[in-house]
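Thanks for making time this morning.

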Amino acid sequence: MAAETFLYFVIGILLLVGGRKFFWFFVGAIGFITGFTLAENFLGVDSFLISMSIGVILGVIGMVVALFLQGFAIVAGGFLAGVNIAYIILKSLGPVSPEILWISCIGGGILGAILLFLLFDWALILLSSMAGGAVITDPLTLDPKLETAIAIVLTLLGIFFQTKIFLREKKS
């Protein structure tokens, strides 16, 4: 579990500070987290190595798609980020029915895809910051309200940091 926590922490920090700048990393990281989460929580994989392998495969596919098919990657990355954010938020609220989980995740995915497609830079800042905050707090075992508060603070820091970089780049 310590390796997973460290991995999530590193990916989360990179998403918080560079999610907009490195779109390919954003899509790859979201693919990795999605694969890792699917393997552990939905496919019932007990092996860290197998879960990691599934995550890496989906992450690499995401990066390749982001580099060569950016339009598709924008929609797919936004959808997966929305799904992951919805899943982590629901998980922090406590047990929910599978129907509510699926509907919320699909709704979050659709919203994420639309936002990223229409407002690419700003949505990427928002989604990568939210994903970074959620990824960092996901493996923690704190009170759900404290985890949510930490994720919100991290999200705001990521938005602030990435916005400063974006506006500085736009100015020059």
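Searching the whole structure turns up 2 salt bridges, where a salt bridge is a side-chain nitrogen of Lys or Arg within 4 Å of a carboxyl oxygen of Asp or Glu. Please keep in mind that this is a predicted model, in which local features need a pLDDT of at least 70 and side-chain atom pairs count only at pLDDT 80 or more, while totals for chains, interfaces and linings use all residues. Residues are numbered from 1 along each chain as its sequence is written, and side-chain values use heavy atoms, with hydrogens and water left out.

Let me take the pair Lys21 and Glu169, whose side chains meet in a salt bridge with an N to O distance of 2.7 Å. This pair links distant parts of the chain, since Lys21 sits in the loop between helix H1 (2-18) and H2 whereas Glu169 belongs to helix H7, 148 residues apart; helices here are DSSP runs of H or I with at least four residues, numbered from the N terminus. Lys21 counts as partly exposed because its relative accessibility is 47%, and Glu169, at 31%, is likewise classed as partly exposed; for these classes, buried means under 20% relative accessible area, exposed over 50%, and partly exposed in between, with a 1.4 Å probe and protein chains only.

In the other pair, Lys91 forms a salt bridge with Asp138, and the closest N and O atoms are 2.9 Å apart. Here too distant parts of the chain are linked, with Lys91 in helix H4 (residues 70-93) and Asp138 in the loop between helix H6 (120-137) and H7, 47 residues apart. Is each partner buried or exposed, or something in between? Lys91 is partly exposed, with a relative accessible area of 42%, whereas Asp138, at 15%, is buried.

The C-alpha atoms of Gly18 and Gln162 are separated by 6.9 Å, although the two residues are 144 residues apart along the chain.

Ser51, in helix H3 (residues 48-68), is buried at a relative accessible area of 0%. Apart from neighbours within four places in sequence, Ser51 is in contact (heavy atoms within 4.5 Å) with Phe36, Ala39, Glu40 and Val45.

Finally, confidence: the protein chain averages a pLDDT of 86, and 99% of the residues score at least 70, pLDDT being the predictor's confidence in each residue, from 0 to 100. Confidence is lowest in helix H2 (residues 23-42), with a mean of 83, and highest in helix H7 (residues 144-171), at 91.

Notes: Helices (H or I, at least four residues) and strands (E, at least two) are DSSP runs, numbered from the N terminus.
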